[in-house]
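Keep the sequence and the model in view while reading.

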Amino acid sequence: MARDDDQEELGRRAAAGDRAALEALLGRIQPSVLRRCARFLPCYQDAEEACQDVLLQVARNIGKFRGDSKFSTWLHVIIANSSRQTYRSLKRRAVEQAHEAPPIDVPDARTTSVIAGSRLDLLDALDRLETRNPDLVGPVVLRDICQLDYREIAEHLGIPEGTVKSRIHQGRVQVREYLGAG
């Protein structure tokens, strides 16, 4: 618990402009950021890319952390968004490369690994959900992937806890439909 409190304190100090606190914070969060990115992305190198992006975003945007929610909640949102953005970029690059180069026999993660395949399917389902109902994505990701409690999600999103629960329920129903349709 003291480690979490230290991280929160470093986050507050870094947000106030303390460069030494920012350096210490980045070093402290890097291992957990990498682990959390790996929850989203099936390939370790992709998780490392997303992790570096998260650390860069934290360094660039720490001044925007107002302390309305816990630093860890703010960080979870950045991790989720960065991992999903990395996945979208990889998907876009794969499509572009498929048009430019002759086909190469690369195994599909969906058929070579149940875990990797389910992650990719979930990311695709979240992309579909975001296209149709963007309000539902954040609560679902924060609850089911980042594992935040309802109160933290409500505080971060600035909506009532009941609305959070409703959006999570609606989002899960739609994600299940997308996963079943694939």
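How many salt bridges does a search of the whole structure find? The search finds nine, a salt bridge being a side-chain nitrogen of Lys or Arg within 4 Å of a carboxyl oxygen of Asp or Glu. This is a predicted model, in which local features need pLDDT of at least 70 and side-chain atom pairs count only at pLDDT 80 or more, while totals for chains, interfaces and linings use all residues. Residues are numbered from 1 along each chain as its sequence is written, and side-chain values use heavy atoms, without hydrogens and water.

**Salt bridges**
- Glu152 pairs with Lys70, with the closest N and O atoms 3.3 Å apart.
- Glu152 lies in helix α8 and Lys70 in the loop between α3 (44-61) and α4 (71-100), so the pair ties together parts 82 residues apart in sequence.
- Glu152 is buried, at 10% relative accessible area (buried means under 20%, exposed over 50%, partly exposed in between, with a 1.4 Å probe and protein chains only).
- Lys70 is partly exposed, at 40%.
- Arg88 and Asp127 form a salt bridge at 3.1 Å, N to O.
- Arg88 lies in helix α4 and Asp127 in helix α6 (residues 114-132), so this pair ties together parts 39 residues apart in sequence.
- Arg84, Arg88, Asp127 and Glu130 are linked in a network of salt bridges.

**Helix packing**
- The axes of α7 (residues 134-145) and α8 (residues 150-157) come within 10 Å and cross at roughly 145° (axes are lines fitted to C-alpha atoms over the stretch in contact, with angles from 0 to 180 degrees between N-to-C directions).
- Helices here are DSSP runs (H or I) of at least four residues, numbered from the N terminus.

Conventions
Helices (H or I, at least four residues) and strands (E, at least two) are DSSP runs, numbered from the N terminus.
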